Every structure is written in structure tokens, then in C-alpha cells.
Amino acid sequence: MARRRERRGEPSQDRRKERVGPATLEEKLNDSDASERKLIGIFILFFIIIPAVSILVYVYKYGSGTKRLEPVITERGPIKTDINFQEILTENTNVAGNESQRNYDYPVLAYITPWNSKGYEMAKRFNSKFTHLSPVWYDLKSHGNSLILEGRHNADKGWISELRMRGNALILPRIVLEAFPTELLKKKKQMDKAIDLMVTECKEMEYDGIVLESWSRWAAYGVLHNPDLRNMALKFIKQLGHALHSVTSTRNPKQQLQLVYVVGPPHSDALQQHDFGPADLQSLSGSVDGFSLMTYDFSGPNNPGPNAPLNWIRFALRLLLGSTGDNAQRLAPKIFLGINFYGNDFILSEGSGGAGAILGRDYLSLLEKHRPQLQWEKNSGEHFFIYFDDNNVRHAVFYPSLMSIYMRLEEARFWGTGISIWEIGQGLDYFFDLL
């Protein structure tokens with residue numbers, strides 16, 4: 001099974017209502033040609049014409065300033081809903097445009113994992129497409145009565161040097177805060193030690209800052225249900241941001257070290273104590289340079305369906321940023337909207353539920369072996385297909401396509417956010433044409 005970001009808790013009832021269940025998937029495979037033409041017509045109306053008008057109105061009124069060049073790949077035409085497996089097999093390695101040309105001017109944060117070497121190669125090859133690169137290297141853990149920062153053995157200085165010779169992307173390794181939260185947050189000495197470990201590592205390894213992941217861990221420990229501990233948690237993030245901002249980059253004396261903070265999307269408009277909400281975003285915005293919003297992992301083995309439904313993404317952004325206005329315009333650029341480059345292979349047969357994450361190479365193997373009919377799910381804005389394995393067990397596969405990624409890139413442009421990609425070694429080569 002492919003490794004990827006850990007699943008983020010059980011989805012809420014509100015989210016389950018939007019899922020695409022097995023019966024719906026099967027019905028779509030039996031649609032007539034007329035239904036498909038109607039679906040495309042509906043898609044054009046609701047996902048292209050209406051959003052296009054909305055974007056024009058938004059830009060006219062609020063002018064986010066984010067610019068886009070037309071991706072070169074559109075000249076070949078693969079960005080469409082009615083794709084077939086052979087097109088993907090033929091085109092996926094063909095990068096049509098200039099590998100150093102950016103099609104969007106908003107920030108692009110790319111994650112790289114040490115267990116997937118392709119990500120390291122993609123970071124070098126498409127270096128100029130990214131503004132931030134985050135190798136997943138570090139864990140900060142409790143060690144007796146003290147703390148320890150593990151992961152320097154993962155750091156690859158040669159790779160970093162090569163990246164910096166090729167482009168200007170900032171290197172911000174991810175640190176997962178595994179330390180016991182009650183000890184860390186209640187004891188000033190521990191809090192100061194944790195901050196010192198992270199800042200010192202940045203100095204010694206000449207990083208441009210860090211990406212910190214702790215909110216999901218604190219939620220799992222129940223810390224965020226305690227108002228006092230919750231306030232201490234916010235205070236810790238602010239102190240870390242101020243500490244990093246007090247240090248200048250070794251590469252650029254005019255630039256401070258940066259802090260990007262990982263947060264999960266809200267599950268419903270009735271926010272729970274453990275949810276990261278608009279008040280938290282507002283509170284931390286002065287201390288944090290960016291928020292990596294994990295708008296993926298929507299579906300699970302017990303509720304198979306899309307990885308990141310577009311209407312759910314819009315809901316999360318609307319809830320965090322509020323209605324368009326000065327406050328939304330100020331905070332939106334700090335958000336890195338999450339886009340998944342991995343997919344899921346769900347088992348649909350009754351009594352045999354399960355799922356496995358799949359990477360690009362797994363997806364291509366499935367296409368080559370099963371030669372499936374790809375379907376477009378208009379509500380989520382994702383492609384999927386059904387297949388039967390060698391044991392006659394029915395599966396549903398959801399994996400990104402050029403169209404699904406393009407729509408999410410445009411969504412980020414509409415809101416004035418950046419994007420974050422989990423993770424670049426898991427995608428197909430021609431995905432990078434769109435960035």
C-alpha cells in the first residue's frame with residue numbers, strides 16, 4: 001500500500017451526505033449516450049459558464065491581482081471531461097510546455113516524502129514551478145523529561161544545493177510535533193526548548209523556515225477541547241512564528257525565516273472546539289506566513305467516493321474566509337489550498353470494504369490492465385472508473401485528472417489563495433504542465 005498523509009479522523013455526517021456511494025457509481029457506468037451529452041451540457045453551464053461570469057464579477061469588484069497564463073497543455077486538448085484510458089496512457093509523460101514557466105503567479109507549496117524518490121526528481125525538474133518546497137523529514141518528540149528533534153538523517157544537503165542552483169524556491173522542511181502536548185504547553189521550559197530546537201535546526205541546516213504540523217495531533221490528544229490548553233496552543237504557535245521571524249535567512253539577509261502551519265478543513269459550519277476555524281485563522285495570521293489547508297482525504301474505506309469534492313473545498317474556504325471583502329482579501333493569500341496528487345482504490349463489494357492509496361504508476365497499471373471506461377462525477381469534479389479484480393471483486397478508483405486539477409487551480413485563483421500539493425512524487429508528469 002502506498003504511504004501518504006495520515007487520515008484525519010472520521011468524517012462528519014454532513015460530509016457523508018455528499019459522498020458518491022457504490023450504487024451511484026454503478027449507475028453511471030450504465031448511462032446512455034444522451035445522458036452523457038446532458039451531463040456535459042450541465043457541466044458546461046454550471047462549472048464553466050457560471051463560474052466564469054462569477055470570476056469576472058469578483059475580479060472586477062475585488063481584484064485579487066492573481067494572474068494566469070493559459071497552460072500550454074490546453075493546446076493539445078486533454079483538459080476535458082470525456083477522456084479515455086488510452087489518452088492518459090499515451091499522453092501522461094509528455095510535458096508540452098516550458099518546464100520552468102509558471103502558469104499562475106500565486107504561491108505553490110510542494111511536499112516531498114523520503115519514501116518516494118520520484119518527488120525529489122520532480123522538485124529538481126520543475127523547480128521553477130514552486131515557491132516553497134517541504135521535504136517531510138522531521139518529528140519533534142518527547143524523550144523522558146526532555147525533547148528531541150529527529151530526522152536530520154533524512155536531510156539531503158546535496159539535493160538542497162542543486163535546488164538552489166536551479167531556482168529560488170524556499171526550503172521549509174515539515175516538522176510533526178509528536179511531543180506530549182500537555183507537558184509541552186503547560187511548562188514554559190518545554191515550550192522554549194521546542195522552539196529553540198526548531199529555530200536552531202533552521203540555522204544550522206540553512207533552511208528558509210519550517211512547515212509545522214501539530215493541530216491534528218493536539219485534537220487527537222483532546223487538548224483542543226480544553227479552553228485553557230487551546231489558548232496555550234495558539235500562544236505556542238505565535239511564539240514560534242515570532243522566534244522564526246527574528247532570524248534572517250543565511251541566503252537572503254533581507255528575508256526572515258518563515259512558518260507555514262498545517263490545518264485541516266472545517267467539517268461543518270457548526271464548528272467544534274477541535275476545529276480550526278476563522279477566529280483561529282485571524283488570531284494566527286500575524287505570526288504565521290501561510291496555512292497549508294488539507295482539502296483532501298474526504299472519503300474513506302467505509303464511505304468510498306471522491307478524494308476532494310469541489311463543493312466541499314468551496315465550503316471550507318467560504319467558512320474560513322467569510323464573504324468576499326477586505327478581511328478575506330487579506331487572509332486568502334496566506335492559505336495554501338490542498339491538492340492531492342494521489343488517488344484511492346476502493347473495494348465496493350458488500351462485506352469486503354477497504355481502500356488503498358495509489359500513486360501515478362499504480363493508476364497507469366490499472367488502466368493498462370483493465371482498459372476501463374472513465375466517468376466524470378460532476379458534483380465532486382473528479383474522474384473515476386469501476387473495475388473487477390481477478391477475484392471478481394468490484395473496485396472504484398478515484399485519481400486526479402488534468403480537468404480535476406485544472407478546476408482546483410482555477411478555484412485557488414478565484415479565491416486569491418495559493419496551493420499546496422501532497423505530494424509531487426505521486427502524480428503524473430503532465431500534471432506539472434498546469435502549474
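Reader: Which residue in E13 does Trp376 stand opposite?

Author: Please note that this is a predicted model. As a general idea, strands of a sheet pair through backbone hydrogen bonds, either parallel or antiparallel. In this case, Trp376 stands opposite His383 in E13. Strands E12 and E13 (residues 382–388) run antiparallel and are joined by 3 bridges.

Reader: In what order do the strands of the open sheet lie?

Author: The order of the 5 strands is E11-E10-E14-E13-E12, with antiparallel pairing. At the edges are strand E11 (354–358) and strand E12 (375–377), each of which pairs on one side only. From one strand to the next, the twist averages 30°.

Reader: Which helix packs on the sheet?

Author: Helix H14 (residues 360–370) does so, touching strand E10 (343–347), E11, E13 and strand E14 (394–398). The direction of H14 makes about 55° with that of E13.

Reader: How is a pair of aromatic rings described?

Author: Such a pair is described by the distance of the centres and the angle of the planes. The count here comes to 24 aromatic pairs. In one of them, the ring centres of Phe385 and Tyr387 are 6.1 Å apart and the planes stand at 45°, so this pair is tilted. Tyr430 and Phe431, by contrast, form a stacked pair, with 5.9 Å from centre to centre and 20° between the planes.

Reader: Are Tyr430 and Phe431 buried or exposed?

Author: Both Tyr430 and Phe431 are buried, and Phe385 and Tyr387 are buried as well.

Methods
Residues are numbered from 1 along each chain as its sequence is written. This is a predicted model: local features need pLDDT of at least 70, side-chain atom pairs count only at pLDDT 80 or more; totals for chains, interfaces and linings use all residues. Side-chain values use heavy atoms; hydrogens and water are left out. Rings of Phe, Tyr and Trp (its six-membered ring) pair if their centres lie within 6.5 Å; planes under 30 degrees apart count as stacked, over 60 as edge-to-face and the rest as tilted. Buried means under 20% relative accessible area, exposed over 50%, partly exposed in between (1.4 Å probe, protein chains only). Two strands pair if DSSP finds at least two bridges between them. Helices (H or I, at least four residues) and strands (E, at least two) are DSSP runs, numbered from the N terminus. Axes are lines fitted to C-alpha atoms, for helices over the stretch in contact, and angles run from 0 to 180 degrees between N-to-C directions. Contact means heavy atoms within 4.5 Å.
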